Amino acid sequence: MAGVKTDQDVITYRAAVAEGIAREMRRDPSVVCLGEDIGGAGGVFKTTAGLFEEFGPGRIWDTPISEQAIVGAAMGAAMTGVRPVAEIMFSDFLACCWDYLANEIPKVRYMTGGQVTVPLVIRTANGGGLGFGAQHSQAVENWALTIPGLKIAAPATPADVIGLMASAIRSDDPVVFFEHKGLFASKGPLPPDDHVVELGKAAVVREGTDVTLVALASTVHTALAAADTLADDGVSAEVVDLRCLIPMDLTTVLASVGKTSRLVTVEENPHQAGWGATLVSVVVDEGFELLDAPVRRVASANVPLPFADALEDEVIPTADKVVAAVRSVVNY
Amino acid sequence: MAKGGSPPDGELVQLLTPEGERIESVTGSDGTVYRADFTDEEYRGLYRDLVIVRKLDAEATALQRQGELGIWASLLGQEAAQVGSGRALRPQDMAFPTYREHGVLYCRGIDPIMPLGLFRGVDQGGWDPNEFKFNMYTIVIGAQTLHATGYAMGVTMDGKTGTDDGEAVIAYFGDGATSQGDVNEAFIWAGVFNSPLVFFCQNNQYAISEPLERQTRIPLYRRAGGFGFPGIRVDGNDVLATYAVTRAALDHARLGQGPTLIEAYTYRMGAHTTNDDPTRYRIASEVEAWQAKDPIKRVRAFLEREQIADAAFFAEVDEQAKRESLHLRERVLEMPDPAPVTMFDNVYPNGSPLVDKERERFVEYQASFEGSAH
């Protein structure tokens with residue numbers, strides 16, 4: 001088994017990445033991985049540890065340091081029937097290969113009238129909180145959301161890493177898979193071998209009646225922490241883990257808002273053009289009558305990520321900020 | 001027939017002079033011997049291809065001028081580079097074109113109406129790249145070189161190289177594209193992975209208005225040396241030499257011997273696209289000089305001199321070209337606009353909530369006009 005399990009039934013988020021990939025590689029010989037330092041080094045975040053040893057250089061391709069080529073070649077390889085899993089080391093570097101993400105890969109099916117598909121996954125370490133500075137810390141899931149034709153997954157737990165990885169690799173659509181750097185050390189139950197989480201199915205991870213918190217990846221944990229605090233105040237928060245931005249599970253969100261009548265999004269991407277803006281616009285359009293209070297968005301400040309820990313901590317949403325936002329809508 | 005020999009460094013591999021004199025063989029610097037050994041029927045076939053490809057291209061330019069196409073990127077002047085390389089491909093080989101490869105498309109057996117659907121803006125697709133082994137036209141300069149690189153890596157992984165019937169991949173691009181970072185990344189990758197890939201650069205001397213000296217200080221084919229694989233310059237207006245050089249490079253690739261950069265030295269006789277006016281940035285005498293190196297005239301001179309074809313043949317080819325271009329025009333004018341709701345097709349195969357909702361609302365919106373004057 002690839003990855004290092006901490007004990008029989010628990011796995012880290014980090015090891016879950018390699019485990020999720022390994023399960024699909026065992027199942028489907030057409031799955032290959034390519035990227036920088038993913039082979040013998042096991043990935044700079046150790047998220048591909050063990051894959052090279054198990055699958056060898058024929059299926060684990062250590063590549064030159066060329067982000068455009070990693071993603072561009074993944075597209076070409078996908079045209080031959082291979083299912084590439086390409087790694088871009090830091091999600092900030094998606095900007096280095098944006099032509100392929102924005103102009104090439106998501107357009108193949110459309111521009112060929114459905115005759116060609118490029119099933120591939122672009123995995124990348126996303127998000128801040130580790131003091132990596134302005135160019136290695138951004139939460140850029142909203143970048144991908146601007147491009148019709150891409151699917152976007154961003155798991156919050158080790159089990160979801162494995163389950164969503166299975167769906168992403170099996171998907172005939174290109175999927176951008178955001179692995180959160182701040183969650184790599186987190187632990188959770190190791191799911192069974194056949195564990196698959198369908199893309200576009202949100203999870204209600206905490207039930208509540210007074211407010212709906214919609215969160216993604218790291219902010220699921222922020223929202224859960226806020227919900228604990230709010231419970232002490234007698235406010236019952238429901239937490240929805242969106243899991244994917246595309247497909248966006250608006251059915252689950254609207255059902256939850258129908259129950260709570262209040263909505264707060266918790267996003268790590270900047271407030272400007274963050275994913276919550278799209279989600280909220282649909283909720284107010286489709287579910288205006290469900291709402292009893294204004295909608296609030298808690299997102300990162302509209303600034304680059306500062307290097308100083310003391311500043312970074314203020315830019316990224318905290319449980320306290322979520323609590324404050326919830327109080328403002330509950331008391332509306 | 002001239003005897004041939006080795007071209008001095010920097011000069012072209014040429015097997016048919018502009019005057020139509022055939023050169024028996026040319027030996028490249030690595031010892032590869034290039035020669036054109038065609039039957040009379042095959043020579044006539046190449047001539048027919050060149051004439052038809054030029055005629056169809058002229059028809060498309062005319063259609064654009066008459067407002068029937070949105071834009072057209074003419075291949076005028078590059079017929080030999082495209083027919084020579086296109087005919088050198090074996091059926092199993094995969095080609096990654098730019099938006100100007102109408103001649104290669106023709107050689108792949110694709111109905112020339114198909115690209116016109118795209119340029120007319122009525123098509124949501126076109127030929128099947130897998131069926132014809134010819135990818136869709138790539139508009140973003142140079143991007144197809146990386147698609148081809150990945151495709152070639154897939155070919156290697158599938159174990160389809162190393163034998164005479166192996167697969168090879170060819171990536172087309174222009175002189176301007178060689179300045180793109182991704183094209184250079186493709187060179188690096190194809191080199192280090194020893195990919196079965198032929199880089200076919202049609203150096204037509206201009207990237208829209210910018211001349212070659214704005215892209216490079218050295219002849220383009222010599223760049224290959226820095227990436228660790230062979231580079232060769234061929235007379236791109238010579239269909240025989242282009243065929244021979246491309247076939248050799250493809251066979252080199254299919255045998256698992258790695259990539260080659262071919263610089264097909266040619267000239268874009270027309271505009272970059274129908275939106276461009278080349279008289280603003282180049283002089284008439286330069287165009288006239290290249291006119292004398294016309295790729296079709298020299299084949300005709302050769303066929304006549306060697307008595308491989310007679311007047312009746314040339315007339316018959318002209319007649320066929322005329323017939324095919326008329327047929328093309330008729331079909332272009334009859335192309336229906338696609339149904340508006342099809343704009344939502346093929347974004348996600350199984351739908352996506354945001355797109356599905358838009359489609360639903362769009363259908364309702366359209367239905368609201370039913371029975372009205374619209």
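This is a predicted model: local features need pLDDT of at least 70, side-chain atom pairs count only at pLDDT 80 or more; totals for chains, interfaces and linings use all residues.
Between chain B and chain A the count is three salt bridges, a salt bridge being a side-chain nitrogen of Lys or Arg within 4 Å of a carboxyl oxygen of Asp or Glu. One that I can show you joins A:Asp285 to B:Arg361, with the closest N and O atoms 2.9 Å apart. Residues are numbered from 1 along each chain as its sequence is written, chains are lettered from A and ligands numbered from 1 in the order in which they are written, and side-chain values use heavy atoms, with hydrogens and water left out.

Staying with the two chains, 42 residues of chain B are in contact with 49 residues of chain A, where contact means heavy atoms within 4.5 Å. Together the chains bury about 3,600 Å², 64% of it on carbon and sulfur atoms; buried area here is the accessible area (1.4 Å probe) that two parts lose on being put together, summed over both. Of the area that chain B buries against chain A, 18% is supplied by B:Met157, B:Trp189 and B:Tyr348, more than by any other three residues.

The rule also finds 13 residue pairs in polar contact across this interface, both residues at pLDDT 80 or more; a polar contact is a pair of N or O atoms within 3.5 Å, where within protein one must be able to donate a hydrogen and the other to accept it, and residues adjacent in sequence count only if both atoms are side-chain atoms. Which element gives the largest share of the side of chain B that touches chain A? That is H6(B), with nine residues, where helices (H or I, at least four residues) and strands (E, at least two) are DSSP runs, numbered from the N terminus.

Now to the inside of chain A, where the domain assignment gives domain 1 (11–189) and domain 2 (203–330), the bounds coming from an automatic or database domain assignment. The C-alpha centres of these two domains of chain A lie 26 Å apart, and 24 residues of domain 1 are in contact with 26 residues of domain 2. The two domains bury about 2,000 Å² between them, 62% of it on carbon and sulfur atoms, and the rule finds one salt bridge across their interface.

Over all chains, a search of the whole structure finds 41 salt bridges. In one of them, the side chains of A:Asp173 and A:Arg109 meet at 2.9 Å, N to O. A:Asp173 lies in the loop between H7 and strand S7 (175–180) of chain A and A:Arg109 in helix H5 of chain A, so the pair ties together parts that are 64 residues apart in sequence.

By way of contrast, A:Arg26 and A:Glu54 meet in a salt bridge of 2.8 Å, N to O, and here A:Arg26 is partly exposed at 38% relative accessibility, while A:Glu54 is partly exposed at 35%.

Technical notes:
Buried means under 20% relative accessible area, exposed over 50%, partly exposed in between (1.4 Å probe, protein chains only).
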